[in-house]
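Here are my notes on this one, as numbered points. Have the model open while you read.

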Amino acid sequence: MRPFIINTLQAIRNNKVKSGVILGLSSLVVAGPVYVYNAKISPRAVGTAIVRTGRAASTVVSAATLYKIHTWGRDYDEEYMAKVHTDTAKRICGMCSVNGGLFIKIGQHIGALDYLLPKEYVQVFKVLQNNAPESSLESVKEVLTSELGVPDIDQVFSEFDESPLGSASLAQVHRAVLKNTGKEVAVKVQHSMVQQHSKVDTITIEFLAKLVDKIIPEFEFDWLIDAIKRNLPKELDFVQEGQNAEHLSMLFNDCQFLKVPKIFWDHTTRRVLTMEYCRGGKVDDLGYMKEQGIDKNVVLGYLSKIFSQMIFVRGYIHCDPHPGNVLVQKDQGGRTQIVLLDHGLYQTLTDEFRVSYCKLWQGLLKGDSEQIKKQSYKLGVGKYYGLFACMVASRTWEDITGSGMADVNSKLDKERLQEEATAQIPEISQVLNFVPRQLLLILKTNDLLRGIECTLLERNTQGVGTFLNMARYCMHALATHKLNKSKSVAKSVIIYYTYFVCLLKLKVLKMLYWISLTSVGQRCAQILPSTLAVNI
């Protein structure tokens, strides 16, 4: 870690970087108005675009200057650098919060990079997950009347709550009641200027990423910029979001514990999405679950089943699965349901990719380094297969190859893992640039499930229970793939037999895992065999 930080500080002091910053800012100032004119952005947005761009650029430059001032002539000091990280993170986070829109989304990404960035950055930026700025009621009504083609929203809604249920980087949601049917609905309204701001913001963020690359060459943001440029237009189209929701509902029509809100198409446009209102609490809200008598273990099981089917079986993945988009409730029959919200962005996996990822998981479960290497190369990771495996499993390479991910006795040393990851920032950055973008979304889903399991069980479980549940669907997908290719009855029988043996082993492992979580079981778990995982 130390050589990396020292090299970074030297780069900040380098005159070439200073001249690059000045040249870059000048280019942005000159090119900005030209882009605004060519993109036909309204005059109203021009002024705010200039202010937002200037604010973003000056914040990044001042953050670099802050590093220079506080570290000039000093030997590297871990404790002192932690304070510098915190100060600069607060500056950048404050800018993201004021600018809003796409900058909030970038900030939310930063807050989710637990094993990539210094922990001070992650801690500061996590506030953006739940505290996105809200649009005024006047602004919301302006969007609604324009999009729905009515002079006043009272013609569409008999009730419309002034305070939003929640606000995100691109939109906010209000509870309302439809005037013609009396149906209670949730109305998602895009922030008024986000469409026009996003065009300039994308250019600005791309420039700033290149600027950071000059200051810290080892850390590349190409993967993040590429994802934003490809995905933002989709996320800004609420008609596509409604179509995604209906497609998911069709794929999971036999899943009684998954609730996807119904879309009201008569009151939906590219900037307004009207859907069924679903009550419930956030999936990581333990207080709500206790209050409603919802079993947290049932919730964990349902969650892993839903997302495992998405990844391993259906090949259709929800791309923004943070706790604010996943609710829990009880249906009219008193049964627990998972409510999945925000369907703006989905990723469809090819069968070839899906099968390779299943085989990678099989290798991780067994701790088979050769299989991990082979499948990682197929997935495009190449020589970084070891580090990539650690990112998928959230374990060190020694833990993975020692007993496999399914070892119920394994303990997670998160601080050690984060230290190792921080020391390998350049390599992790390379991995993120190399891997197919589909894999980035799967990594995000893995982190969600691990985090929710640790929160609900109120202990650091390393996500073992989630992994065991996901392993079942992984094995199912592989067995189905092999059966489809099988041309003989004998071979099919062998495939079925192998699959059922794997299921039996997984059931035993799951039982041992839950025993290990009890006070008595923690002592017994030390003598229970974990080697059952080896031959999955």
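**Notes on the model**

1. Start with the second largest cavity: by class, its lining has 5 nonpolar, 1 polar and 2 charged residues. (Ala, Val, Leu, Ile, Met, Phe, Trp, Tyr, Cys and Pro count as nonpolar, Asp, Glu, Lys and Arg as charged, and the others, Gly among them, as polar.) The residues in question are Glu241, Ala245, Pro261, Ile263, Leu273, Met275, Asp342 and His343. Helix H10 and strand E6 are the elements that each give two or more residues to this lining. The volume is about 40 Å³, and the structure holds 3 cavities of 30 Å³ or more.

2. Some housekeeping. This is a predicted model, where local features need pLDDT of at least 70 and side-chain atom pairs count only at pLDDT 80 or more, while totals for chains, interfaces and linings use all residues. Residues are numbered from 1 along each chain as its sequence is written, and side-chain values use heavy atoms, with hydrogens and water left out. Helices (H or I, at least four residues) and strands (E, at least two) are DSSP runs numbered from the N terminus.

3. Grid points are joined across faces, edges and corners, and a volume is the space filled by probe spheres set on the points.

4. The second largest pocket holds about 840 Å³ of space. It is lined by 34 residues, with Gly166, Val173, Gly324, Asn325 and Leu341 nearest its centre. Strand E3 gives the most to this lining, with 3 residues. By class, you get 12 nonpolar, 13 polar and 9 charged residues there.

5. Now the sheet. Its 4 strands run in the order E5-E10-E9-E7, open and with mixed pairing. E5 (258-259) and E7 (281-282) are at the edges with a single partner strand each, so one side of each is left without a neighbour in the sheet. Strands pair if DSSP finds at least two bridges between them; E5 and E10 (336-340) pair in the parallel sense over 2 bridges. Look for Leu258 opposite Ile338 in E10.

6. Helix H12 (296-314) lies across E5, E9 (326-330) and E10, at about 45 degrees to E10. (Axes are lines fitted to C-alpha atoms, for helices over the stretch in contact, and angles run from 0 to 180 degrees between N-to-C directions.) The axes of H12 and H13 (351-366) come within 8 Å and cross at roughly 115 degrees. Ile311, Phe312 and Val313 in H12 meet Arg354, Tyr357, Cys358 and Trp361 in H13, where contact means heavy atoms within 4.5 Å.

7. Last, H14 (369-378) and H15 (385-393) pack at about 95 degrees, axes 9 Å apart. That makes H14 and H15 roughly perpendicular, a label for angles of 65 to 115 degrees. Ile372, Lys373, Ser376 and Tyr377 of H14 touch Tyr385, Phe388 and Ala389 of H15.

Conventions:
1 Å grid on protein atoms, 1.4 Å probe; cavity = no way out; pocket = protein on both sides within 12 Å on 5 of 7 lines; lining within 4 Å. Parallel < 35°, antiparallel > 145°, perpendicular 65-115°, else oblique.
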